Structures are given as C-alpha cells and as structure tokens.
Amino acid sequence: MNPSEKKEFRLPPVFLILLLCIAAATGLILLLSNDPAEALYYFFPGIFSNRLYLGNFLNYSVLLSLTGLGIIIAFNAGSFNLGGEGQVYAGAICAIAAALKFPDLPSGAGIIMMTLCGTAAGALLAALSGIMKSRWQVNELISTFLLSAGITKVIDYLILGPLSNPDSYLITTGEIPLQYRLPPIIPPSHFNLSFLLVFILIPASYFYLHHSRGGYELRMIGYNREFARFGGLNLGMYDTAPLTVSGALHGLTGAIAVSGTYFAGILGFTFGLGWNGIAVAMIASRNPAYLLPAVLFFSWMTQGARVAVLQSDLSLELGNIIQGVLFLLISSQALRGLQKKRDPL
Amino acid sequence: MTEPVSYSSIVLTEITRSFRKNGIKACDNISFSVKNGEILAIMGENGAGKSTLMHILSGFMKADRGSLVFPADPDQNHPSVGMIHQKPILAGNLNVWENIALGHPQKSLVVKPAELSSSIRRIQENYGLALDLSMKGWELTAAQIQRAELLECLLLDRKILIFDEPTASLSEQQAEELLLLLKRLKGEGRTILYITHKIKEAYHLADRIAVLRKGKLKMISPVGEISPEAVSEAMIGKGAEIPDMIRKAERKTFSEAVPVLELKNINYSHQGSIRLKDLSLQLHAGEILGIAGIRENGLACLEDLITGAVRPQSGKILLKGKMIPYLTPFRFRKHGISYIPADRLKRGASLDSTLGENLILLKRKLEGNAGSYKTKLIQWAKKLISKGEIEGQAEQKVRTLSGGNIQKMILVREMHEAPALLIISEPSWGLDFSSREKLHYQISNARSRDAAVLLLTTDIDEILILSDRIAVLTGGELSETAPAGQDWNRKTIGERMTGADRL
C-alpha cells in the first residue's frame, strides 16, 4: 500500500473556525452584557426553549439551505454567484405579482404557480450572467452582482409604487390570498412543508455532482478550466446551466419565503439570504453532503443572536457583529485555501 | 571522498530529505564534494532526487539530516550559490531589470535604476548576454528567462552556479552558445553544477559526472574514467541500453487517399506579429509526420491552431476531407482526436482531481449497470492504471504524482481508445530514458494500427527516431516535407530550426 494512501485523522480546519465563532460570540456576550449567564442561555440553548424560536430557526434553515445549495452548484462549475440577494428578491416579487394577478386559483395550483414564477425569475436573472460569460467572457462575479444590485432598485420601486398596499403601515405590497399560504407545522412559527424540498434537492444535487457524468464534467470545469476545455467538454453549457440553476434556487427561496413566511413583499426583506448562502456554501466546502450541518450551525448562531436580543439586555447590533465575525473567519479560511493552490513545490 | 577540504567548494555529508506528502526519500544519505572550479554534471532519471538536492544546495529547501559545508565561504549561508531554474520564477508584471533588482541586496532603501542597469549592461557586454532589460517578465521566452536569471547570478557574482536542465528549452544553436558560456564561467574559477538528461552534453561539458538514482548517489567519477554505457547503467539500472535509433517499423508507402488532417494556406497573426505564414500540410493514416521547431517560433502556435484553441485569420482546416469552418477544442474532440499537450499540468491534467477523474475524461459512457458511477469510475481507472503502468491509486490526487507518472496518465488516457488521429506535442519532455523509449514504442505502435500521428517537438532525435516524413517550422514558415533520411539529418534539421532564430 502506498504510504500516501494512509489516512491521517485530522480535524478539518473548518471546525476550528466554527469553534472560534462560538468563542467570539461568548466573549462578546461576556463583555457586553450585564447578565451574561442569561444572555448566554438565550444565545445558545435558547432557541430550543419554545416552539416559536425553534420553528423560526428551522424555517430560516430551510431558506438558507436552498440559497446555499444554489451557491454550491455554481461554485462546483467554477462560477461565483454574487447576485443571490437580487435573485431572492426577484423571485419573491414575481411570486407576489403572480399571486395578486390571479388571486382566485385553488390552493395547490396557486402555490405551484407562485413557486414556478419565482423560480423562473431567479433563473432568468442568473442565466443572463451565464450567457454573457459563455458568449463574451464577461466575469460572472461582477455581472451577477451588478444585475442583482440593479434589479433590487427596480423591485424597490415596484413595492413602493405599482404594487404597494396603501392600507398598511409598512412599506409593503398587498398580501397574498389566504389559500396560497403554506400552513405552519409548528405554530406560531412559520416553519412549513417547504422543508421537504431540502430533503429532495440536497441529496439530488449530491448525487448529480458526485455520481453522474454531468456532475463530473461540471466539477472538472471548476477544478481546471483548461483541462476541461481541451478534454472537449462543453464549456458553453457549463458556464450557463449551473449559474441558471443557482439563480433558480435563489428565486425558489424567494417564492417560498413569500408563500410560507412573509405573505407580502416588504421593502428589502431578503435578510441576507443571498450573502449567507455564500457563507454556508464555504463552510460546507462546496459539498452538498456537508451543507445541512453548515446551515444548521449558521442559522443557530444568527437566530440565537436574535433570541438573545429579544430576551436579554443584548443590543441588536450584537447579532450583526457575530455574523460579521463569522463571515470574516470563513473568508479567511477560503483565502488560505487559495494560497495553498499557489504553493510552487 | 578523499580530496582535501580546502580544494572543495561544497562538501555534502549524509544529506537526507524526505517528503511528508508521500514519505519517499528524495535524497537518501548523499555525500560527495564538489571541487573548486569544476563542472559537475548531475544526472539521473525523473524523480531521482536531482532537483531536491539542488534546492537544498541553493538554500531553497532544508535537509532533514546531514551537513552542507561551503569551505570557501565563512558565512555558510548559501550566499555564493546561484540557481538557474528549469521553471521560470520571474515576476510577470515586472520588467527584466526590476526582476533583477528584486533579488539584489540594497545598501540603501532607494533603488538606483541607473546605477543598477549600468552594472547589468556591463555584464551583458562582458558575457554577450543580449536581452532587452525593459521587457516584462511575461513577454520573455524560455531562453530569455534563463538569460535574465543568469544575469542576476552574475551581477551578484555567484561563485557556484546551478543549472537545472538549461538546454531543455533551447534550440541547438542556443544550447551550443550556452555551453561555450559555461566553459568560460568555469575558466573564471566558478563552480558549476549542471543537471541534465543528455549524456552527450555531459561528456561534452563536464569534468565529472554524478549519477543519482532513487535518491541515492550511484556514482561520481571523472568523465575520462567512465564509459557512457556505465553512466547509463548507473542511471537506469542493469540491462538498459543507450537508446539508439529504435528499430523502425517497416515504412509503408502511405495511401494517396484523403488525408486525415489537412491544413491549407493557414495564416495566423497575433497582436500584429505574424505567427504562421501560409502554412499547408497533409497527414495520412498510418504515418507519423514530425514537425521540428522551437516552441516560441511557431510550434506552440501550430499546436493551438490544430486543437482549435485559436482561429486562423485565413486558411482551411480539413478533417478526413471535411472542412471544419470553426474549430474549437470541443469540436476537435467530437471528432475523436487524441491530443497530448506540451502543457501537461494545465491542459493535460487536473491536479486537484483524483487520478480516476483524470483518466475518465474522454470516456463519456461507462459500460455495465452494476454499482454507482463512482465505483464504475474506479474500476475503469484501475484498468487504465495497470495498463499505463502508473504508480498511483485511483483516488489519489494527481498533484501528488511525479511528472513522469502524470505523463503516463495522459498517454494511457489518450491512446486507450485507439484514436485515428493523434496530435502529440513534446511528449518526452522531462522523461527518463526508459519511459521515453516506451513512449516511442507506443507512438510507433499507434502508427502500425493505421493511426495518423502529428508529432510536434523541439527534440531532433525524437523526430529522427519516429517520423516517416519531416518538416521544419521556422519563423512561422513550414519547410518542404521530406522523408526522414533523405534531406533531413541532425545537422540539416538543426540548422533549419535555428536559421531564422538569430535575428
């Protein structure tokens, strides 16, 4: 047996990052709270203390899994989708527009219509970047981001103008019809049946990426573009399709967020689902198999912060600071990975 | 070693270095000394440990064990060693003198360009190293990069110079000039360590030859006291012969049928400079057409053109008589063409993928229903690993393989399906004797299977050994094609290759 075959047991460095995150959060709480014991309780085990917190934690995890999966698929093909925010937003607004336009369909048909509209909107947005990449070598990193930033303003306008609901005290669209709303499983939280999608889409993606020729080709392009190109793989397709699927998953997230959680389009309501999707994709190191644990961890940290803010004397900013620290640590990890590749020897 | 220490410039004692990655000892208990002012040729197969040893000497790596002493140098800190690398290590966005300034110890914080470049110029004039100092690193050819590195070493007045296969990327003419320069440097009292695969070169140049095999020092001896056969045997073990002309398969007169590959009046220019000029060629089934040339002088460009990486401004490319209006690598592969690229590490292999994933590239459908795609992939890979005699496991990352094994991997992948057309570029770069011989055997086998083979190479011996017909590419122009042995021999090919190189 070749000596290089022997598997050393080493803790993946990502665990170190996660531990650092928990340590940082604990440290901040100890520093900023007058009653650290209470704040810590609400921060860590607090989300399991009642049905609302638990349900919201799970619900946020569902949405985050879908965006994270979208990032992972594009990532494996060597495409970076930075337009997640706009794609989620576009998916949401299209789902709402469809629901408001056809308010009288039966329940199932209505939900399917909203889902399809949202998914299509996200897909279309990302497909534009994919086509520009394969046709004119436009860097998708920039084009997805700019398209998303641009479309966000358009959607803001729609919410403020043509679709706005004058009767609400929030800046929001009209609410979607009652029969189009996904019923909650753990009331009073919004956790709903859409979690089934996670258990279908994550295994399906894993199977596709690691157990099919298509997934193999996709990953090879992500590993080494020149190798894939001279091996005769169809770069044009793999520059477009994975980005499109990525956008579709973001649009789907937007649609589900509307039909299951928000029921209306509130101005700028994506809550960082796009950006956090990138973070969980990095924690999961591009592999769908690790996505769910990564999502649960991330969601736990963010929701824990929210609960602690509600229940203890912690300020609202602490949640954001902890997310910021998490982001910083994860991106430093990603940079280290890039550096390793450049090692000359 | 018995000679007194005072006459030595380097004394190595029991140098050992292994790599954690694969646990292999790259240098195993190596002891010898290098005399002041001698040229020592370091020879050995791929992975014999030559480069590692030189990296230790130049201070680029540390030995795990053993001592390294520079008797002439009180600081013992590798300061007098300069290395001219095989792989370019210049900063691409800096120009030549800036690159040289990077490694130059500064007395003050301020770099004085005028002072520095005038001293560089002095050295250039003194040694005849013509090079435009304002060129950027990325613009330089391999030969020019070498010149820049040599300039840097001479500016720092290195007393010990290490050359890592310096003639590998040079034309015959350039190589001869370099060898003359090396003799002159020796005359100045510098010590030169010279890594090479070429026995001929070693005999021509060196005072002594050291041979490494599998990390061990097999022999070290003055050139006059040892025969080339003995050196070869030390390098590759018993039973090996110095590869003479391998027996040629009986040359067929190839059919007058439609050529498998045909180029008609190709013109290609890039950024205003003409790279290929009115180039036409025909390649038939069952023959090897060898095109000799220097990579920077059109050969690399021709490789890109045939594989569809670049498009010509005018001219036609025909495959089996059918015109291909817009050739891309995708379409090129659709026609079932095999391609062994000169750039193995980018085009030929995906280093961060597994060996299995690299081998499966061209196999779109896997037979058999049993098991998942992954198990089928591994089964397939195992078959090819044993067929290609690759030392590696299906699930091992290709980055951990040696260069020779990576080339074997590319070979078995490209040859396995018995392709009708093979484009081969610089197939034996960096290969040792026995791998090279096996490779030549495989290529001539492909021909006997009636494949059409286009061989693009800088290596004149390779061209002469393998080709049925030969043409030479110089300055973007292709010579008349003629059968080997008639008009073409080492001398005529070499002259033709370099003729236009001296601008």
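L261(B) stands opposite L319(B) in β13(B). This is a predicted model: local features need pLDDT of at least 70, side-chain atom pairs count only at pLDDT 80 or more, and totals for chains, interfaces and linings use all residues. Residues are numbered from 1 along each chain as its sequence is written, while chains are lettered from A and ligands numbered from 1 in the order in which they are written.

**Strands around L319(B)**

- Strand β10 (residues 261-270) of chain B runs antiparallel to strand β13 (residues 314-319) of chain B, and five bridges join them.
- Strands pair if DSSP finds at least two bridges between them. Strands (E, at least two residues) and helices (H or I, at least four) are DSSP runs, numbered from the N terminus.
- β13(B) also pairs with strand β14 (residues 322-323) of chain B, in the antiparallel sense, over two bridges.
- Here L319(B) has K322(B) of β14(B) as its bridge partner.
- β13(B) and β14(B) form a hairpin with two residues between them. K320(B), in the turn, has a positive phi of about 50°.

**Three-stranded sheet of chain B**

- An open sheet of three strands has the order β2-β1-β4 (chain B), with antiparallel pairing.
- β2 (25-35) and β4 (65-69) of chain B are its edge strands, and each pairs on one side only.
- Neighbouring strands are turned by 10° against each other on average, direction ignored. Axes are lines fitted to C-alpha atoms, for helices over the stretch in contact; angles run from 0 to 180 degrees between N-to-C directions.
- Seven bridges link strand β1 (residues 8-18) of chain B to β2(B), in the antiparallel sense.
- K35(B) in β2(B) is the bridge partner of S8(B).

**Helix α1(B)**

- Helix α1 (residues 50-57) of chain B is mostly covered, with eight of its eight residues buried.
- Buried means that 20 or more other C-beta atoms lie within 10 Å of a residue's own; exposed means 12 or fewer, and partly exposed is in between, with C-beta atoms placed from the backbone.
- The buried residues of α1(B) include K50(B), H55(B) and L57(B).
- G59(B) follows α1(B) and has a positive phi, near 85°.

**Two loop residues**

- A420(B) lies in the loop between α13 (403-415) and β16 (421-425) of chain B.
- A420(B) counts as partly exposed because it has 19 C-beta neighbours inside 10 Å.
- Leaving aside neighbours within four places in sequence, A420(B) is in contact with V260(B), A285(B), G336(B), A451(B) and A452(B). Contact means that the C-beta atoms of two residues, placed from the backbone, lie within 7 Å.
- A420(B) and H335(B) are 85 residues apart along the chain, and their C-alpha atoms are separated by 9.4 Å.
- N165(A) lies in the loop between α6 (140-160) and α7 (195-211) of chain A.
- N165(A) has 16 C-beta neighbours inside 10 Å, so it counts as partly exposed.
- Beyond neighbours within four places in sequence, N165(A) is in contact with T172(A), T173(A) and G174(A).
- N165(A) and K153(A) are twelve residues apart in sequence and 18 Å apart in space, C-alpha to C-alpha.

**Contact between chains A and B**

- Chain B supplies 27 residues to the contact and chain A supplies 19 residues.
- On the side of chain B that touches chain A, α9 (329-334), α10 (344-348) and α12 (373-387) of chain B each supply at least two residues.
- α9(B) gives the most to this side, with five residues.
- The residues on this side of chain B divide into nine nonpolar, nine polar and nine charged. Ala, Val, Leu, Ile, Met, Phe, Trp, Tyr, Cys and Pro count as nonpolar, Asp, Glu, Lys and Arg as charged, and the others, Gly among them, as polar.
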